[in-house]
Amino acid sequence: MSPVKHVYVYRAFERFWHWSQALLIMFLAVTGFEIHGSISFFGFENAVTYHNIAAYALIILIIFAIFWHLSTGEWRQYLPTLTHLRAYLNYYLFGIFRDAPHPTKKTVLSKLNPLQKLVYFGLKTIILPGMLLTGLLYILYRYPQQHGVEALNVESLRTIAILHTAGAFLLIAFLIAHLYLITTGDTVTSNLKAMLTGFEDVHEKDDDDTKEVIQSQETIQQPATETAP
C-alpha cells in the first residue's frame, strides 16, 4: 500500500467556487420552479427578479472559475478517460453494496474517478452552457427592444423554455446523485470535510494499489457468480 498523507487538496477558490455554484444552482432551481408555478414562496415577480440576478451571478462566477482552471491547469482534472471506467461501473452497481474499496486511490493530481470525469465533463460542456444560453435567450427575449434580440427572430419561448426546464431537471438529478455520492468516501463525512477544509487523506501513488484493488474486486465478484442459483 502506498503511504497516505493528510494534504491540502482543494484550494480556497476551488472551495469558494464549488459552494457558491451549488448554492446559486439550488437558488435558481427554487426560483425557477416558482416562475413555473410549481411552488409559491417569493411571489412571481420577485422570483423572476431573483432568478435573473442569480443567473448573472452564476455567469460571473463561471467566468472566474474558467480563468482559475485555465491558469492553474486544474482543467485537466476533467478530461474524460475510459481507464478503470468498467471497474467503477462495477463498483457503483455492485461493489459499493458489499463495502468493497474504491477501484482507484485519490491523489492530488487525480481528484476525480473516471465516472466523475465523464459526468463533470458533460456538465461543464453541455448542460451548464445550455442552461446559460437558453436562460439568456429567455431573459433577453422579454426585453427585445432594449437588447435588440429581435434580430434572432425568436418567435416563441416554448422550445427555449422546454430546453431550459429539461436542463434544470438534469441539474437536480445531478445534485441528488452528488449528495448521495458525498457519503461514499472513506467515511460518510470525509468528502464533505475535504470540501469544507481543503484537506484530505490521499495516496502519493496509486498504480500498484489500483491494480491490487481491482483484482480483489474481481475475486470478490467471481464466487458470487458461481454460487448464484
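**A buried salt-bridge network and its surroundings**

In the predicted model, Glu-74 and Lys-111 are both buried. Their side chains meet in a salt bridge, with 3.1 Å from N to O. Glu-74 sits in the loop between H2 and H3, and Lys-111 sits in the loop between H3 and H4, so this pair ties together parts that are 37 residues apart in sequence. Glu-74 has a relative accessibility of 10%, and it counts as buried because the cut-off is under 20%.

The structure holds 3 salt bridges. Side chains of opposite charge can pair when their charged atoms come close. Arg-11 and Glu-74 form one of these bridges, at 3.2 Å from N to O. This pair links distant parts of the chain. Arg-11 lies in the loop between strand S1 (4–8) and H1, whereas Glu-74 lies in the loop between H2 and H3. The two residues are 63 residues apart. Arg-11 has a relative accessibility of 34% and counts as partly exposed.

Glu-14 also forms a salt bridge with Lys-111. The closest N and O atoms of that pair are 3.1 Å apart. Glu-14 belongs to helix H1 and Lys-111 to the loop between H3 and H4, so the bridge ties together parts that are 97 residues apart in sequence. Glu-14 and Lys-111 are both buried. Salt bridges that share partners join Arg-11, Glu-14, Glu-74 and Lys-111 into one network.

The chain as a whole comes next. It has 229 residues, and buried residues make up 35% of them. There are 8 helices and 2 strands. From the N terminus on, the order of elements is β-α-α-α-α-α-α-α-β-α.

Aromatic contacts form another theme. A pair of aromatic rings is described by the distance of the centres and the angle of the planes. The structure holds 13 aromatic pairs. One of them joins Tyr-88 and Tyr-92. The centres of these rings are 6.0 Å apart, and the angle between the planes is 35°. The pair is tilted. Tyr-88 and Tyr-92 both lie in helix H3 (residues 85–93). They are 4 residues apart, about one turn of the helix. Both are buried.

Tyr-92 also pairs with Tyr-91. This second arrangement is edge-to-face, with 5.1 Å centre to centre and 70° between the planes. Tyr-91 and Tyr-92 are both buried. Elsewhere, ring pairs link Phe-27, Phe-41, Phe-42 and Tyr-50 into a cluster. A charged side chain also meets a ring. Lys-124 lies over the face of Tyr-78, at 4.7 Å from the ring centre.

The second largest pocket has a volume of about 620 Å³. Its lining consists of 30 residues. Leu-28, Gly-32, His-51, Met-131 and His-164 lie nearest the centre of the pocket. Helix H1 (12–35), helix H2 (44–72), helix H4 (114–141) and helix H6 (158–182) each supply at least two residues. By residue type, the lining of the second largest pocket divides into 21 nonpolar, 8 polar and 1 charged.

Backbone angles in the loops also deserve mention. Most residues other than glycine have a negative phi, and most peptide bonds are trans. His-84 has a positive phi, near 65°, and is a residue other than glycine. This histidine is found in the loop between H2 and H3. At 32% relative accessibility, His-84 counts as partly exposed.

Asp-99 has a positive phi too, of about 60°, although it is not a glycine. This aspartate is found in the loop between H3 and H4. Lys-111 is likewise in the loop between H3 and H4. Asp-99 is exposed, with a relative accessible area of 71%. Lys-111, by contrast, is buried.

How values were computed:
Residues numbered from 1 in each chain as written. Predicted model: local features only at pLDDT ≥ 70, side-chain atom pairs only at ≥ 80, totals over all residues. Heavy atoms only, no water. 1 Å grid on protein atoms, 1.4 Å probe; cavity = no way out; pocket = protein on both sides within 12 Å on 5 of 7 lines; lining within 4 Å. Points joined across faces, edges and corners; volume = space filled by probe spheres on them. Nonpolar A, V, L, I, M, F, W, Y, C, P; charged D, E, K, R; others polar. Phe/Tyr/Trp six-rings, centres within 6.5 Å; stacked < 30°, edge-to-face > 60°. Buried < 20%, exposed > 50% of the residue type's maximum accessible area, 1.4 Å probe, protein only. Lys NZ or Arg CZ within 6 Å of the ring centre and 35° of its normal. Salt bridge = Lys/Arg side-chain N within 4 Å of Asp/Glu carboxyl O.
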